[in-house]
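This report goes through one protein chain, from a single residue to the overall fold. The sequence and structure come first.

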Amino acid sequence: MRLLLDTQIYLWFLADSVRLSKAAKQEIQHADDVFVSAASIWEASIKAALGKLAVDPG
């Protein structure tokens, strides 16, 4: 199965957020391919620059 994650789901997955259901996490973890749009990376960069997204550099 291939998945395309939108920005919010991608960020929730990376942060291991409780907002993302266990079922959704499992689907992402067991997918053959997981894609994130370049626009999602751009959107996350903007949120980080505006202070709306905490980023752990390490």
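Is serine 17 buried or exposed? Serine 17 is buried, because its relative accessible area is 14% (buried is under 20%, exposed over 50%, partly exposed in between, with a 1.4 Å probe and protein chains only).

## Basis

This is a predicted model, in which local features need pLDDT of at least 70 and side-chain atom pairs count only at pLDDT 80 or more, while totals for chains, interfaces and linings use all residues. Residues are numbered from 1 along each chain as its sequence is written, and side-chain values use heavy atoms, without hydrogens and water.

## Serine 17

Serine 17 sits in the loop between helix 1 (7-14) and helix 2 (22-30) (helices are DSSP runs of H or I with at least four residues, strands runs of E with at least two, numbered from the N terminus). Its side chain reaches the backbone nitrogen of arginine 19 at 3.0 Å. Leaving out residues up to four places away in sequence, serine 17 touches Trp12 and Lys25 (contact means heavy atoms within 4.5 Å).

## Isoleucine 46

Isoleucine 46 belongs to helix 3 (residues 38-49). This residue counts as partly exposed because its relative accessibility is 34%.

## Whole chain

The chain has three helices and two strands, arranged along the sequence as β-α-α-β-α. Its C-alpha atoms fill a box of roughly 35 × 25 × 20 Å along the principal axes. Of its 58 residues, 19% count as buried. Among contacts with a separation of 6 or more, 64% join residues 24 or more positions apart.

How values were computed: Polar contact = N/O pair within 3.5 Å; in protein donor to acceptor, adjacent residues only side chain to side chain.
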